[in-house]
Every structure is written in C-alpha cells, then in structure tokens.
Amino acid sequence: MADARVLAGIYARLVGARIRSQLEYRVSVALQLVGSGLLTAVDFAAIAVIFANVPSLGDWSLGEVALLYALATTSFALTDIAIGHLDLFPQMIREGTFDQILVRPLPSLLQVVASDFALRRFGKVLQGLAVLAFALATVEIDWTLGRVLAIPLAIVSGAVIYGAVWVALATVAFWIVDAMELVNAFTYGGSFLSQYPIGIFARWLRGLVVFVVPLAFVAYFPGLYVLGKEDELGLPEALRYASPVVAVAATLVAGAVWRNAVRHYRSAGG
Amino acid sequence: MRLDWELARHGYRRYAAYPGATYAGLFTNVVFGFLIAYILLAVYEHAEVIGGYDVRDAIAYVWISQALLTVVGIFGASWYELARRVQTGDVATDLQRPLDVQRAELVQDLGRAGYHVLWRALPQFGLGALLFEITIPSEPGRWLLFALSVALAVLAGFGVRFLVNLASFWLLDYRGPVLLAIAVNLLLSGAIMPLAFFPGWLDTAARLTPFASMLQAPIDVYVGAPLGGSTALVLALQTFWALALYGAGRAVFAAGTRKLVVQGG
C-alpha cells in the first residue's frame, strides 16, 4: 500500500482535473455559486428572523449565535465541496460501478471521494465567512493568540468531523440502497443543529451530539472558547480544546467503518 | 379522464416502489421536526405570542410544515426533472405523445402528493401531535378548510415548480436559477420560519406571493391566524395562484416548445 504522501499527491491530481473541467463552464459555475450561497443564507435568515422577535436564544445573543452559525456553515461547506457527492454513492452500489473501483490499485474511499470536487458549492463557504465577519464585528471578544488560531482550527476540525460522520453513515448504502435520506438527517440535520447553542435542545439530543455523533465539537465547544462563555451543559473545560483530537479520532473510526463495510459489499453484477 | 387516473396512479406507484426511501425521508423530517421545535421552544421563553402564534401554534407549525414539505414539493427532483428532459432533448418524446404534457405532469404530481400525504405527512403530524403540545382545532369545519387549503397548496406548488422547470427552454444551464428559486421559495413559503415571525411589511408581502400559498397558507388556516384574519381570503388567494400559475405555465410551455431546438440524433 502506498504511503500517505503518495496518496495525497494522487488525490490532489485527481481533484485538480475535476476543478479544471468545471472551470470550462464558468458561467454555469458562477450561477451555481450564487445559488448555493443564497441557499445557505436562508438558514441565517431563520436566525435573523428569530432575533427580530426576541433578544436572546437561551442566553446567547445574535452575534454569539452568528459565530456558531459561521463556524458550522463554513465547516460544512468545505465538507460538502470535498465529499458532498457521497449522496450519490448508493447509485454506485445500485448500478454496480463500485466494482470498477475495487479492481483499481488505490484505496476505495480515496477514489469515491476524488470522483468529484464541487467548486459550485463554494458560495456556501463565502456565505459562512461573511457571517463570520459579521459575528466578529458584533460580539466583543477578549482576543488572545489562542482565540485567533482557534477559529481556523475549529473550521478545519469541524470539516473533518462532518466528513467522518458522512463517510461512516454513507456505508449504510452497502446494506440499504434506497435509504440515503437517512444519512441526510445526520449530515444536513447535523449541520443545522450545530448552528445553534446545544443547550436549547433536549437532554437526549445534547448527549447524542457530545458523546455519540460528535457534532458539538464543530462549533459549540470551540465557540465557547472563543467567546469565553460558560458551558450550560456543565461539561469539563478541556472539551473546548478537544475539537482537533475529536476530528482525528472520528476519522479513524470512519475509516474502520468504511473498511468493514466494503468487506460486506455484494456486487449488483455491473 | 381515464388517462388522468392512470397517470395519477403511476405518480403514486413511482414513490410507493421505494418504501425504504419513504421511511428514511420520514426519519429525516422527524429529526428536523425535533430540532426546529426545540429552537422555537427556546424562542418562546422570551415571548408569549409572536405574530398571532402562541407557543402551541408555533410547535404545530413545525410539525405541519415538516409534514407538508414533501407533499407540496419544497425540495426535490420535481424542481428540475422536466428541465433536465429539455436539456437532454428527451422532451421531444413527451411532445410526440398524444397527451397534454402539462396536464400529464399535473396529474402525476397529484398522485405523488397523495402518496406523500398518506406515508409522509400523516405519520409525521401524528408523531408531532403525540410528542409535543400542539394546537389541535376542535371544530370539524376547520379541519375541512385545512384539507382544502392543503389541496390548493399542492396545486400552487405544482404551478411554481412547473414554471421554474420551463426556464430551461431559454437557459443553457438551469441549475443555478433552480437553486435560486428553491432558496427564494424556502424563505417566502414559510418553510424556514413562520412568516408571522417576519417584520410586518415583509410578512404581508410574503403571504401574498404564490410561495406562501404552497406552505404557509394551510398552516395559517390550521392555527387560525390567516392573512387579514380571514380564512376565506387565504383560500381565495390560493385558488387565484393555483389557476394563474397553471395558466402562466400553459402559455410559457407553448412559447418554449415553439423555441425548442432538439439536437438531432
């Protein structure tokens, strides 16, 4: 098996080719960029509408929720660009095209992930960053070097966590091909949930996103650290710094789940 | 009529063929139902009534809107299925058939909506009513008006999506405009937050659009907080949009087919 550096090189070349092919259709990409940006902006409109009626959500102000939204949305947008096409993965199983992937001498997950790179969804990243700018201009933050670094680190860790959840759940397709929308509950639902302070949700949901599907580490815990806010959940302070570690752990788990699932693949005879 | 009935049954069966997808979609809508319900419960810790909605109305809004999302087609392939056929040229086959394309699309969509009412909306609403305290109208008349309003919402929804699809007759790439239409619709149909939560002028303006007739209107009828305090006005507006959009769709489709050039093959 080739080492990680070689695989990264191969991934970069495959993705580079995808990007160049999309840039052949500039107007189309530009229109979809605007469309996808507006589509995510709708989620922020929901938050704006809420704060047009009430001064706070739990004890979170508009600017504070905006920060959570920005971290969650930007992370999710990056994941969506890189692996959003996993939504189409059940088709590969159904049509048997996954067979072709298994006969090539490259890790199957790498090939599936590198099969598209949705530049057209970059509008979502821009929208997330615009809200980040708004949040940072609105809330008062006691800036330290740690807090400055925490923001990009949280976005990257968050993207990796979403990616791990997405990959792990996409393996459901190895058993049930017509149930991909089940995964949406966790991916799109998860990204929606992470935009809000976890404390407003019911106890079972909070437990789920802290201990099982680690979505609380995408925006909530890093957000607490950046804002210097008290944790309504009363959990240890160390969790505020844990997002990168959680991201690595989630990736390892997702990798193991994928490898195990591929062993159960039964071809459709494509 | 016979043909309409067969096409409607086909529309129903097309979705009935994939029960797994139905359960999965239902699960996703239920998860979103929980999430939005908890968010709105947190909102109502700071307010008694917002735009005529008390907390029980707002939670009813959550579960009815999630229940109706698929019924009226807020998301999904029906926003671009016909557009894709125009782009690939397959629409030429549709035009050769001895049937009215718009009418055929409509009755198939009604079949689909029927399926989604039974297998997506009713379980979704039942679960919400069971797990949360929501407004339940006591007069049977209100339930009838609500059912009528849902039916009109399905028609208005078809009208909007059919027109959006037709943009592909003029645009080489329809995906950007379709995304834009879905985004505008999410906002103005009341799919993300009740329109009653919007600032007054925007609330009224949004409720006059065909988008609100797709989703917000039936919910307003259900909780009894209709535009201008009049359920009759809301139903009249929905009827207007259902007819006007169908008429507009007919005219635009005719213009589009005159312009259509299918690459030979």
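I began with helix 7 of chain B, residues 140-166, in this predicted model. B:W143 and B:F146 both lie in that helix, 3 residues apart, about one turn. I looked up their ring geometry: the pair is edge-to-face, with 6.4 Å centre to centre and 80 degrees between the planes.

B:W143 has a relative accessible area of 30%, so I noted B:W143 as partly exposed. B:F146 comes out at 13%, which is under the 20% cut-off, so B:F146 counts as buried.

I then turned to B:F162 and B:F253. Their ring centres are 5.9 Å apart and their planes are at 40 degrees, so I logged the pair as tilted. This pair joins distant parts of the chain: B:F162 is in helix 7 and B:F253 in helix 12 (residues 231-259), 91 residues apart. Both residues are buried.

I ran the ring search over the whole structure and got 41 aromatic pairs across all chains. Ring pairs also link A:F201, A:W204, B:F34, B:Y38, B:W63 and B:F132 into a cluster.

I looked for charges over rings. The charged end of A:R147 sits over A:Y225, 5.7 Å from the ring centre. A:K229 lies over the face of A:W60, at 4.8 Å from the ring centre.

Last, I went through the nonpolar cores. The largest has 156 residues, and A:F89, A:Y196 and B:L40 touch the most other members. Beyond its neighbours within four places in sequence, A:F89 is in contact with A:F98, A:V112, A:A170, A:A173, A:F174 and A:W258. I also found a second, separate core of 10 residues, including B:V101, B:F158, B:L166 and B:F253.

Conventions. Residues numbered from 1 in each chain as written. Chains lettered and ligands numbered in written order. Predicted model: local features only at pLDDT ≥ 70, side-chain atom pairs only at ≥ 80, totals over all residues. Heavy atoms only, no water. Core = buried A, V, L, I, M, F, W, Y, C linked by side-chain atoms within 4.5 Å. Buried < 20%, exposed > 50% of the residue type's maximum accessible area, 1.4 Å probe, protein only. Contact = heavy atoms within 4.5 Å. Phe/Tyr/Trp six-rings, centres within 6.5 Å; stacked < 30°, edge-to-face > 60°. Helix = DSSP H or I, 4+ residues; strand = E, 2+ residues; numbered from the N terminus. Lys NZ or Arg CZ within 6 Å of the ring centre and 35° of its normal.
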